[in-house]
Amino acid sequence: MMSRKIVAALIGSWMALPVAALAQDQSVAEQLVNAMNKVFGVHPGFRANHAKGIVVEGRFNASPEAAGLSRAAQFSGAAIPVTVRFSDSTGVPDLPDGSDKANPHGMAVKFHLPDGSETDIVINSLKFFPVATGEEFRDLLLALADSPPNAAKPTKFEQFAANHPSVPAAFSTVATPDSFADEEYYGIDAFVFVNKAGEKQAVRYQMLPEKVVHLEKSDAAKQAPDFLMEELPQRLKQAPVTFHLKAQLAAADDPTKDPTKPWPENRKVVDLGVLTIDRTAENSAEDQKKLLFLPGQLTDGIEQSDDPLIDVRTAAYAVSFSRRNP
Ligand code: HEM
């Protein structure tokens, strides 16, 4: 049974979520958050994953092509206010930004729609996910928790990775950026766009910066502990930061239910519009505590695919939210 607090978290964030689907993932979601706490420690008031972050604000302006693919309100062409949170991986709130463990970096976008509702995109700098299901991700985390530095070789995590080749493959796609603004972020999970004519198209999001700048590992390790959190506000004082939100379109046979399998690079990519970030939130540290971004918080014109990660992620984020706002 979903706890009352979690239901309140979900209702409080305005969404039309398939609550029955969430309830069924609830125990796995709890297990996932418990496993994250085991690996990263319990840090009251912070997210179980992506604990360290910064909140910024701006707007989204859709391209004319976007409305042809989806009737969602954020693609209508009107300027849509957005709240964005950039983050480091792990549940460790004081992790140095240049640590390898801070990869993949995250970007969560909340679109404030004209009717007062919200819809979210929660993406990161991995190009595809290391595992295909919530249960596998739980087992990956438990293997990590059982692999302290002094563990006998091969460690539990090394054994897990050897049995899941997508684990090392996925992590080899990430590097530390010189700025949150100079990173590309991927949706990984597939969603289904529905346009005004009712036509459906499976897509995966890409959020592409003006330029990608990655640091060498040795350079990343030398950076100040908060260099990413400090650089973005400085940059925004000089000029806005822009990204292009794009949709990679699935071909008829491309699998939508396996987030470990990227679609071929030659698939059509459509520019959905420009995300402009022009200011740091006045109370970023306070705001992020109350913010809840959910992969399953959709709006008319965007539906879930058969990707199993979406429901379990949404349920796990709600569990983490209810624990960080007791
Ligand atoms: C089974 C797979 C996954 C699980 C269990 C999981 C779990 C979580 C949890 C518990 C949080 C903290 C939520 C909160 O307290 O608000 C979180 C945050 C986050 N996750 Fe995931 N995650 C998964 C996969 C992914 C994937 C595939 C992506 C990117 C495509 C992603 C990107 C993020 C980002 C960007 C955040 C920070 C959101 C924010 O700023 O509020 N996660 N995740």
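Analyst: In this predicted model, a helix is a DSSP run of type H or I with at least four residues, and helices are numbered from the N terminus. Helix H10, which covers 309-324, is one such run, and H10 supplies the largest share of the shell around the ligand, 8 residues.

User: What makes a residue part of the shell around the ligand, and how many residues surround the ligand?

Analyst: The criterion is that the C-beta atom, placed from the backbone, lies within 6 Å of the molecule. By that test 32 residues surround the ligand, the closest being Arg-47, His-50, Gly-106, Ala-108 and Ser-320. By class the shell divides into 18 nonpolar, 9 polar and 5 charged residues. Besides H10, the elements that each supply at least two of its residues include helix H2 (19-40), strand E3 (106-112) and helix H4.

User: Why is H10 called mostly covered?

Analyst: A residue is buried if 20 or more other C-beta atoms lie within 10 Å of its own, and 15 of the 16 residues of H10 are buried, so the description follows from the count. H10 also reaches 22 Å from its first C-alpha to its last, close to the 22 Å expected at 1.5 Å a residue.

User: How do you know that the length of helix H8 agrees with its number of residues?

Analyst: The expected span is 1.5 Å times one less than the number of residues. For the 12 residues of H8 (residues 227-238) this should give 16 Å, and the end C-alpha atoms are 17 Å apart, which agrees.

User: What puts the buried residues of H8 on the same side?

Analyst: The buried residues of H8 are Leu-228, Glu-231 and Leu-232. They cover an arc of only 100° around the axis, and therefore lie on the same side of H8. An α-helix has 3.6 residues a turn, so residues three or four places apart point the same way. What covers these buried residues includes strand E1 (53-62), strand E2 and strand E9 (269-280), while Gln-234 and Lys-237, on the other side of H8, are exposed.

User: What makes up the contact of H4 with H5?

Analyst: Asp-139, Leu-140, Ala-143 and Leu-144 in H4 meet Lys-156, Phe-157 and Phe-160 in H5. By class this contact has 5 nonpolar, no polar and 2 charged residues. The two helices pack at an angle of about 145°, with their axes 7 Å apart.

Key:
Residues are numbered from 1 along each chain as its sequence is written. This is a predicted model: local features need pLDDT of at least 70, side-chain atom pairs count only at pLDDT 80 or more; totals for chains, interfaces and linings use all residues. Axes are lines fitted to C-alpha atoms, for helices over the stretch in contact, and angles run from 0 to 180 degrees between N-to-C directions. Two residues are in contact if their C-beta atoms, placed from the backbone, lie within 7 Å. Ala, Val, Leu, Ile, Met, Phe, Trp, Tyr, Cys and Pro count as nonpolar, Asp, Glu, Lys and Arg as charged, and the others, Gly among them, as polar. A residue is buried if 20 or more other C-beta atoms lie within 10 Å of its own, exposed if 12 or fewer, and partly exposed in between; C-beta atoms are placed from the backbone. The arc is that of the directions from the helix axis to the C-beta atoms.
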